[in-house]
Amino acid sequence: MSTGEQAAIARARALGVLLDAAIGDRLVVRAHHGDGAQDALGDLVARTPDTVTIATRRGRVEVRLADVVAAKPVPPPPPARAPRR
């Protein structure tokens, strides 16, 4: 299997994850962005036919589905630690 075929399979799986995810699910999405890639980790808050919006710790990130190369569900973040004394 060629690298291109592997990339196509990974992209198809990623799009399946994004289409099957419910609003509120926690995901990580990797998308091509300029010369590199950008990751968005957070809760799925919106989906259109062309984009998904992920609420990250730094704010909302809108990701074009055409740019997605990988996506997967992730567990919730660990609970906050108690302050040190």
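Entry 1. I looked up strand S1 (residues 26-33) and found that S1 and S2 pair in the antiparallel sense over eight bridges. Strands are DSSP runs of E of at least two residues, helices are runs of H or I of at least four, and both are numbered from the N terminus. Two strands pair if DSSP finds at least two bridges between them. Val28 stands opposite Leu41 in S2.

I noted that this is a predicted model, in which local features need pLDDT of at least 70 and side-chain atom pairs count only at pLDDT 80 or more, while totals for chains, interfaces and linings use all residues. Residues are numbered from 1 along each chain as its sequence is written, and side-chain values use heavy atoms, without hydrogens and water.

Entry 2. I then traced the sheet: five strands form an open, antiparallel sheet in the order S4-S3-S2-S1-S5. Its edge strands, S4 (59-64) and S5 (68-73), each pair on one side only.

Entry 3. I turned to Thr56, which lies in strand S3 (residues 51-56). Beyond its neighbours within four places in sequence, Thr56 is in contact (heavy atoms within 4.5 Å) with Ala40, Leu41 and Val61.

Entry 4. Which residues line the largest pocket? I listed Arg26, Leu41, Gly42, Ala55, Thr56, Arg57, Arg58 and Pro77. A pocket is an open set of points on a 1 Å grid over the protein atoms alone, where a 1.4 Å probe fits, with protein on both sides within 12 Å along at least five of seven lines; lining residues have an atom within 4 Å of a point. Strands S2 (36-47) and S3 each supply at least two residues of this lining.
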